Amino acid sequence: MKILDLIFPKKCVGCGKIGEYLCPNCKRTLQPHMEICPGCHRYSSDYATCVDCKSYGDFVLDWILIPFSYSWFLKKIVLKLKYYHKRDVVDFLIDRVCLAIYANHTLNSKIEKWNVVVSWIPSHWHRRYFVKWYNQSFLLAKNLAKKLNLQYWEFLKKIKKTKSQATLDREWRLKNLKNAFDFKNESALENVQTIILVDDVTTTWSTMNEVAKFIKSKYPKVCIRGVVLCRKVGQ
């Protein structure tokens, strides 16, 4: 046991029991997210973007895996990572994501056969080094890549200091992200077939979709599949 665990023991955010951020009983109450198309939110097997959204919409992500619904105690766990620098939460969260990936036959087959790499949603340098000191999406992506035995690459950088997406409606989220990204390691994309793009929480998928659109503007044949911890509904 780590010294910090003795001084500041982990407590279940559901019931307060000491030992884990979610005790075995509270883990059973985690609600899986139904399989939906990320574009229109209708049912879609394996979370794939439906034919209509691919053909007529502005949604370019091929698929987004969403292991869990945004329950109040999962929210508390994510907030520990996102705003309170509880980096040891990452292992717990990614273990759950890996279970969802192992259960998804479509993604499993691609990981085995294709050139798949893991990447993440970049944050602006000011936010990373002067506000939060780290990027939680990077921590999740790095941990996921190691557990799946995949490479992880930083393809993009965020060049525009934007407002928090959580404070904006869908229309302003899109305006907020306009011209926000640029390539950091473009040459690394030349032989990539599939990117697993990682983020923590999504509401409208606007950030992840804008990143995917930017990549596909130069590399349209790259398949981009998103992975998020949970989806927040209602904004």
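Is histidine 41 buried, exposed or partly exposed? Histidine 41 is partly exposed, with a relative accessible area of 36%; buried means under 20% relative accessible area, exposed over 50%, and partly exposed in between, using a 1.4 Å probe and protein chains only. You are looking at a predicted model, where local features need pLDDT of at least 70, side-chain atom pairs count only at pLDDT 80 or more, and totals for chains, interfaces and linings use all residues. Residues are numbered from 1 along each chain as its sequence is written, and side-chain values use heavy atoms, with hydrogens and water left out.

**View 1. The whole protein.** Of the 235 residues, 48% count as buried. Now take the contacts in the protein with a separation of 6 or more: 68% of them come from residues 24 or more positions apart. Contact means heavy atoms within 4.5 Å.

View 2. Most residues other than glycine have a negative phi. Histidine 41, though, has a phi near 70°, a positive value in a residue other than glycine. Aspartate 46 also isn't a glycine, and its phi is positive at about 65°. Aspartate 46 counts as partly exposed, at 22% relative accessibility. Serine 44, on the other hand, is buried, with a relative accessible area of 11%. Leaving out residues up to four places away in sequence, serine 44 touches Glu35, Ile36 and Cys37.

**View 3. Cysteine 53 and its neighbours.** Cysteine 53 sits in helix H3 and is buried, with a relative accessible area of 12%. What does cysteine 53 touch, not counting residues up to four places away in sequence? The list is Cys37, Gly39, Cys40 and Phe59. Take glycine 39 as an example: cysteine 53 and glycine 39 are 14 residues apart in sequence, and their C-alpha atoms are 5.9 Å apart in space.

**View 4. Helix H5 packed on helix H8.** Two packed helices are described by the angle between their axes and the distance between the axes. For H5 (residues 89-102) and H8 (residues 136-148), the angle is about 50° and the axes are 10 Å apart. That makes H5 oblique to H8. The axes are lines fitted to C-alpha atoms, for helices over the stretch in contact, and angles run from 0 to 180 degrees between N-to-C directions. Under 35 degrees counts as roughly parallel, over 145 as roughly antiparallel, 65 to 115 as roughly perpendicular and the rest as oblique. The contact uses residues of H5 including Val90, Leu93, Ile94 and Val97, and residues of H8 including Leu139, Leu140 and Leu144. Sorted by class, this contact has eleven nonpolar, one polar and three charged residues. For that sorting, Ala, Val, Leu, Ile, Met, Phe, Trp, Tyr, Cys and Pro count as nonpolar, Asp, Glu, Lys and Arg as charged, and the others, Gly among them, as polar.

**View 5. Tyrosine 102 in H5.** Look for tyrosine 102 in helix H5. Tyrosine 102 is partly exposed, with a relative accessible area of 43%. Not counting residues up to four places away in sequence, tyrosine 102 touches Asn108, Lys147 and Leu148. Tyrosine 102 and leucine 148 are 46 residues apart in sequence, and 9.5 Å apart in space from C-alpha to C-alpha.

**View 6. Aromatic rings.** A search of the whole structure finds five aromatic pairs. Rings of Phe, Tyr and Trp (its six-membered ring) pair if their centres lie within 6.5 Å; planes under 30 degrees apart count as stacked, over 60 as edge-to-face and the rest as tilted. One of the pairs is phenylalanine 183 with tyrosine 219, which is edge-to-face: 6.3 Å centre to centre, with 85° between the planes. This pair links distant parts of the chain, with phenylalanine 183 in strand S6 and tyrosine 219 in the loop between H10 and S8, 36 residues apart. Phenylalanine 183 is buried at 11% relative accessible area, and tyrosine 219 counts as buried at 17%. Elsewhere, Trp120, Phe138 and Tyr152 form one aromatic cluster.

Notes
Helix = DSSP H or I, 4+ residues; strand = E, 2+ residues; numbered from the N terminus.
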